[in-house]
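Student: I would like to learn how to read a ligand site and the sheets around it. Could we work through one case together?

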Amino acid sequence: MNAPIRSIRGMNDILPEDIHVWQLLESAAESVFAAHGFEQIRVPLLEKTGVFTRAIGSATDVVSKEMYSFDDRNGESLSLRPEGTAGVVRAALQNGLLYGPVRRLWYGGAMFRYERPQKGRSRQFHQLGAELFGAPGADADAEILALGEQLWSRLGLTGLRLELNTLGNSEERATYRDRLYEFLTAHRADLDEQTRERVERNPLRVLDSKDPAVQALLEDAPLLKDHLGEESRGHFDQLRRYLDRLGIEYHVNPRLVRGLDYYCHTVFEWITGDLGAQGTVCAGGRYDNLVELQGGNPWPGIGFAMGEERLVELLRQKTGIEPPPVHVYLVAVGENSTASALELAYDLRAGIPGLRLLVNLNGGSFKTQFKRADRSGASLALVLGEEEIQNGQVAVKFLRRKEQQLTLERDETGDWIRDNIVSI
Ligand code: ATP
Ligand code: MG
């Protein structure tokens, strides 16, 4: 016999026992997206590799070492999406969604990065993201941040810290990058091998190094905010005034740069202290040059992506999130009782939206079926025995409270369950 095949490292199964937390997160997100006028878009998991290399930038970790790329049977290079924004921009351009009124889009689903699997980091992971096109002002930035805040509060997640920074426009960013490069190469001798390599590939990325020695050295590094023009400073100040007005707390972190190349002006992250090293649950920023990088005429955009695995873990740490209980377990014993049970179950489900009813399968004695009923977590067993079937009745047995068994007419069973059991 063959040994069973196991899943790919870093690609995890999400099991039924956890799924209610995912569903809670996703339905809260859907409703908050809708409240802000965001419409869902679904794009392929697989794109031509250029969609990502152009957008994300070949100097980034994502493109240089994390992508799942392969040649398809025609010899064309394809990649599994490592993030959502590039594909959404590709789709928006291709389908004429840009260059008109403001577009608010959201997406969700699996992303793929070849990283070292650890807590909060896997090779297949899931994101929910929002993208807002056609609004260059700080009001759009504020709206995106407000959306995030609303979602955390809807989920009861307190204690997320919003960090904010501005990268300026692309010229300011490029000038700063040169200054920082000069500073870092002047201190080359004090840098470890990995950081030296980063300096050459993507000097801005050195700013968010986790190494305390590098952080100490950066104390004297030139600051991005000293290289911003009046317009960029004005944009950031305006955003801060909006956030103050909304009562959204934030912390300016001048070292926050983000991993992807396409960001400009506002960048931000929500961070938790409750997940250990991988504490960023949502990250994003403005990407006014991305549409042009993807081959379109310039068009502004801003967005974010949240890591569902990390948010699910946070939600799980909170108490009180339980899977929705089974309402009814339908017990049936005796000749012809199975047909009656299937019919009653069918009618009840049709008549009571939201009813969760398990019908007993595989037969069994009363004792066996009640054991199954108890294990199912149902609050109530409906019982069809020979006598009930003959009289057109249904017996009700409470499984979780001490209450007398009662008998209902079959025709009134639906109304009784609706009034007494199902509170959706
Ligand atoms: P990190 O610094 O943690 O690698 P990143 O900058 O690469 O994050 P983004 O590309 O901004 O991450 O993705 C947005 C969010 O998606 C992250 O904040 C995180 O919550 C989640 N995320 C990113 N990569 C992974 C992964 N490999 N496994 C699980 N979640 C991830
Ligand atoms: Mg990463």
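Student: Across which strands does helix H2 lie, and at about how many degrees does H2 run to S2?

Tutor: A word on conventions comes before the answer. This is a predicted model, in which local features need pLDDT of at least 70 and side-chain atom pairs count only at pLDDT 80 or more, while totals for chains, interfaces and linings use all residues. Residues are numbered from 1 along each chain as its sequence is written, chains are lettered from A and ligands numbered from 1 in the order in which they are written, and side-chain values use heavy atoms, with hydrogens and water left out.

Tutor: Helices (H or I, at least four residues) and strands (E, at least two) are DSSP runs numbered from the N terminus; contact means heavy atoms within 4.5 Å, and angles, from 0 to 180 degrees, are taken between N-to-C directions of lines fitted to C-alpha atoms, for helices over the stretch in contact. Here, helix H2 (residues 49–56) lies across S2, S3 and S4 and runs at about 75 degrees to S2.

Student: What is the strand order of the open sheet of three strands?

Tutor: Two strands pair if DSSP finds at least two bridges between them. The order is S2-S4-S3, with antiparallel pairing, and the edge strands, each paired on one side only, are S2 (46–48) and S3 (69–71). Three bridges join S3 to S4 (residues 77–80), and Ser69 has Ser79 in S4 as its bridge partner.

Student: Which order do the strands of the open sheet of eight strands follow?

Tutor: That sheet reads S1-S5-S6-S11-S10-S9-S7-S8, with mixed pairing. Within it, S9 (residues 264–271) and S10 pair in the antiparallel sense over six bridges, and Val267 stands opposite Gly285 in S10. Helix H1 (residues 16–35) lies across S5 (103–112), S6 and S11, at about 5 degrees to S6.

Student: How many residues surround ligand 1, and which are the closest?

Tutor: A residue is near a molecule if one of its heavy atoms lies within 4 Å of it. By that criterion 14 residues surround ligand 1, the closest being Arg113, Glu115, Arg121, Arg258 and Thr280. Strands S6 (124–133), S10 (280–286) and S11 (301–307) each supply at least two residues of this shell, and the largest share, three residues, comes from S10.

Student: Which atom of ligand 1 is 2.6 Å from the side chain of Glu115?

Tutor: A polar contact with a ligand is a pair of N or O atoms within 3.5 Å. A nitrogen atom of ligand 1 is 2.6 Å from an N or O atom in the Glu115 side chain, whereas an oxygen atom of ligand 1 is 3.4 Å from a polar backbone atom of Gly307. An oxygen atom of ligand 1 is also 3.3 Å from an N or O atom in the side chain of Arg310.

How values were computed: A polar contact is a pair of N or O atoms within 3.5 Å; within protein, one must be able to donate a hydrogen and the other to accept it, and residues adjacent in sequence count only if both atoms are side-chain atoms.
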